[in-house]
Amino acid sequence: MDVLELYQQAGAYHEGHFLLASGRHSPKFLQSTTLLQYPHLTEQIGRALADRLKSEGIQADFLIGPAMGGVTLAYETARHYDNGKGANGRRAIFAEKDGQGGMKIREAFTITPGETFVAVEDVLTTGGSVLKAVRAAEQAGGRCVAIACIVDRRAQEGLLDGYPLVSLTRLVFDTYLPDEVPGWLAEIPLQEI
């Protein structure tokens with residue numbers, strides 16, 4: 001699967017000057033919400049992520065995504081990720097902002113102490129959002145066994161805060177702290193996303 005081609009096909013790959021959610025600046029941006037609005041593309045991504053998790057031997061009781069971007073992705077990945085639970089299958093839940101800079105689990109979702117989970121995210125730049133979802137699920141009694149994403153765009157490969165990371169692809173785009181933005185990029189109008 002050529003993930004970048006899927007983003008391009010959906011009109012979700014952009015070039016310019018972008019302020020990322022991480023606070024960093026980048027000349028390239030992947031808009032996953034544009035990609036994930038298409039069920040046939042979302043189904044391909046969810047199936048591929050589930051297949052990668054299974055091929056890595058990662059088993060979990062549920063998947064969690066940070067709201068809003070990770071909700072659809074966690075659901076679609078869980079749909080293709082059979083864990084032998086029969087008719088009930090694997091659950092997909094989400095964490096939402098708690099108003100204090102972190103995330104929380106909705107009261108409607110029950111996490112039994114010791115239940116294992118995979119946290120799912122679209123694009124990892126720093127991992128901040130998905131790690132907030134991990135912390136929320138851990139506070140509720142869950143145990144994170146892996147983090148999965150469509151694109152790992154971090155500068156350094158490997159574990160994310162000690163958790164195994166499974167990604168469909170690795171695309172490293174240059175990013176810059178606000179006070180390190182090169183002149184050529186600063187000349188391009190900034191787009192906040």
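Let me begin with a definition: a residue is called buried under 20% relative accessible area, exposed over 50%, and partly exposed in between, with a 1.4 Å probe and protein chains only. This is a predicted model, in which local features need pLDDT of at least 70 and side-chain atom pairs count only at pLDDT 80 or more, while totals for chains, interfaces and linings use all residues. Residues are numbered from 1 along each chain as its sequence is written, and side-chain values use heavy atoms, with hydrogens and water left out.

I start with His80. At 12% relative accessibility, His80 counts as buried. His80 sits in the loop between α4 (69-79) and β4 (91-97); helices (H or I, at least four residues) and strands (E, at least two) are DSSP runs, numbered from the N terminus. Which side chains make polar contacts with that of His80? One is Glu76, at 2.9 Å, and another is Arg79, at 3.4 Å. A polar contact here is a pair of N or O atoms within 3.5 Å; within protein, one must be able to donate a hydrogen and the other to accept it, and residues adjacent in sequence count only if both atoms are side-chain atoms. Leaving out residues up to four places away in sequence, His80 also touches Glu43, Gly46, Arg47, Ala50 and Lys54, where contact means heavy atoms within 4.5 Å.

I turn now to the sheet. It is open, has six strands in the order β5-β4-β3-β6-β7-β8, and its pairing is mixed; two strands pair if DSSP finds at least two bridges between them. The edge strands, β5 (103-105) and β8, each pair on one side only. From one strand to the next, the twist averages 25°.

How enclosed is β3? Five of its five residues are buried, so β3 is largely enclosed by the rest of the structure. Phe62, Ile64 and Pro66 are buried on one side of β3, and Leu63 and Gly65 on the other. β3 pairs with β4 in the parallel sense over five bridges, and Gly65 has Phe94 of β4 as its bridge partner. β3 and β6 also run parallel, joined by three bridges, with Ile64 opposite Ala119 of β6.

Next, the helices on the sheet. α3 lies across β6, β7 and β8, at about 130° to β8. Helix α5 (residues 128-139) packs on the sheet, touching β3, β4, β5, β6 and β7, and its direction makes about 165° with that of β6. For these angles, axes are lines fitted to C-alpha atoms, for helices over the stretch in contact, and angles run from 0 to 180 degrees between N-to-C directions.

Finally, the interior. A nonpolar core is a set of buried Ala, Val, Leu, Ile, Met, Phe, Trp, Tyr and Cys residues joined through side-chain atoms within 4.5 Å. The largest has 34 residues, and those with the most contacts inside it include Tyr7, Val118 and Ile150. Its largest share, six residues, comes from α3. Apart from it lies another core, of 21 residues, among them Ile93, Phe117, Ala119 and Leu131.

Val3 is buried, with a relative accessible area of 3%. Beyond four places in sequence, Val3 touches Ile150, Val151, Leu168 and Thr169.
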